[in-house]
Amino acid sequence: MADPTSRRSLPAQCASNRCHRAARSGVLRRRPAEPGARLCGPCTRALAADLAALPALHHDSEQHLVLPARQGGLARVTGHRPDPPPVSDAALEARHDAVVQLASWARLVLDATGDGQPPERTVPALAAFLGRHVGLLAAHPAAGPAADGIARVATALRLVVAPPRAGLVPLGTCVEPGCEAEVTLPERGGEDLVLRGPMCGAGHVLTPRQWLLLNRRQSMSEAKETA
């Protein structure tokens with residue numbers, strides 16, 4: 001008969017959603033938390049890496065606050081003053097959330113230790129403070145929400161700084177004389193299509209007339225294949 005205390009002696013599972021999602025998707029099994037902690041080793045290291053990356057991500061995201069003129073449209077002139085340039089809501093929200101999240105977890109650490117001065121309410125100061133207390137965060141009852149919240153703000157800032165490129169749809173060979181590179185279009189279309197247009201791998205941007213020529217050539221080729 002199994003020892004009834006054996007189940008209680010097993011290490012608790014990691015509290016981070018990183019492990020939850022990986023287990024649900026079948027990528028790996030749920031990892032046990034480290035001794036004396038509520039996060040596994042990889043999730044603790046990921047938390048430390050996110051905190052180390054946040055200052056640079058927050059700094060770089062400032063360059064993406066103002067949208068390009070062609071993305072936001074031309075500035076509308078009212079009287080003698082043009083309207084202010086369009087601002088990225090995603091960048092504003094990600095930068096704001098980073099400060100709010102880090103300040104919240106810094107307060108939790110201060111409450112847990114019972115001493116020390118609160119860090120300056122900036123991303124570099126807050127991230128550095130929390131980075132020095134990763135072990136405390138990993139062992140705290142709120143370790144899972146802390147790791148997940150900090151991972152979310154790091155991911156949001158990464159998407160602002162380096163947004164994923166749209167998938168490309170192949171259209172055929174370039175119509176420029178002597179060029180045999182493939183022409184592609186953004187898969188999502190819409191604004192991506194307006195900003196990029198049909199372009200080949202060699203960098204030729206097709207004019208509307210060349211695009212029609214490419215379509216005609218593709219139609220003729222498909223007609224020959226089905227004949």
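The chain holds 10 helices and five strands. Of its 227 residues, 31% count as buried. The accessible surface of the chain comes to about 14500 Å². Carbon and sulfur atoms account for 56% of that surface. Contacts between residues at least 6 apart in sequence were also examined; 53% of them join residues at least 24 apart.

The average pLDDT is 78, and 69% of the residues score at least 70. Among the elements of the chain, helix 6 has the highest mean pLDDT, at 96. Helix 1 (residues 6-9) has the lowest, at 43. The pLDDT is below 50 over residues 1-9, and this stretch has zero contacts in the model beyond near neighbours in sequence. A further stretch, residues 70-77, also stays under 50. For residues 70-77 the model has 10 contacts beyond four places in sequence. Where pLDDT is low, the predicted coordinates should not be read in detail.

The loop between helix 1 and helix 2 (17-25) contains Ala-12. Ala-12 counts as exposed, at 54% relative accessibility. Beyond residues up to four places away in sequence, Ala-12 touches Pro-32 and Ala-33. Ala-12 and Pro-32 are 20 residues apart along the chain, yet their C-alpha atoms are separated by 5.6 Å.

In soluble globular proteins, nonpolar side chains tend to be buried together. The largest nonpolar core of this model has 38 residues. Leu-39, Leu-51, Leu-54, Leu-102, Leu-130 and Ile-150 have the most contacts inside this core. Two or more residues each come from helix 3, helix 5 (89-113), helix 6 (123-131), helix 7 (134-139) and helix 8 (143-161). Helix 5 gives the largest share, 11 residues. Leu-130 illustrates the packing. Its contacts, not counting residues up to four places away in sequence, are Leu-51, Leu-102, Trp-105, Ala-106, Val-109, Leu-137 and Ile-150. A second, separate core has nine residues, including Val-183, Leu-185, Cys-200 and Leu-214.

Several of its residues are buried, among them Ala-91, Ala-94, Arg-95, Ala-98 and Val-99. Leu-102, Ala-103, Trp-105 and Ala-106 are buried in helix 5 too, as are Leu-108, Val-109 and Leu-110. The cover over the buried residues of helix 5 includes helix 3, helix 6, helix 7 and helix 8. Just after helix 5, Gly-114 takes a positive phi of about 80°.

Helix 3 (residues 41-61) carries His-58. Is His-58 buried or exposed? His-58 has a relative accessible area of 14%, which is under the 20% cut-off, so it counts as buried. His-58 touches Arg-95, Ala-98 and Val-99, along with Val-123 and Leu-157, not counting residues up to four places away in sequence. Arg-95, Ala-98 and Val-99 are themselves among the buried residues of helix 5.

The strands include an open sheet of three, in the order 3-4-5, with antiparallel pairing. Strand 3 and strand 5 stand at the edges, each with a single partner strand, so one side of each is left without a neighbour in the sheet. Strands of a sheet pair through backbone hydrogen bonds, either parallel or antiparallel. Strand 3 (residues 168-173) pairs with strand 4 over five bridges, in the antiparallel sense. Within this pairing, Val-169 has Leu-185 of strand 4 as its bridge partner. Thr-173 stands opposite Glu-182, also in strand 4. Strand 4 is joined to strand 5 (residues 199-200) by two bridges, and these strands run antiparallel. Here the bridge partner of Val-183 is Cys-200 in strand 5. Val-183, Leu-185 and Cys-200 also belong to the second core.

Why is strand 4 (residues 182-186) largely enclosed by the rest of the structure? Four of its five residues are buried, so strand 4 is largely enclosed.

Methods:
Residues are numbered from 1 along each chain as its sequence is written. Side-chain values use heavy atoms; hydrogens and water are left out. Buried means under 20% relative accessible area, exposed over 50%, partly exposed in between (1.4 Å probe, protein chains only). Contact means heavy atoms within 4.5 Å. A nonpolar core is a set of buried Ala, Val, Leu, Ile, Met, Phe, Trp, Tyr and Cys residues joined through side-chain atoms within 4.5 Å. Accessible areas come from the Shrake-Rupley method with a 1.4 Å probe; for residues, only the protein chains shown count as cover. Two strands pair if DSSP finds at least two bridges between them. pLDDT is the predictor's confidence in each residue, from 0 to 100.
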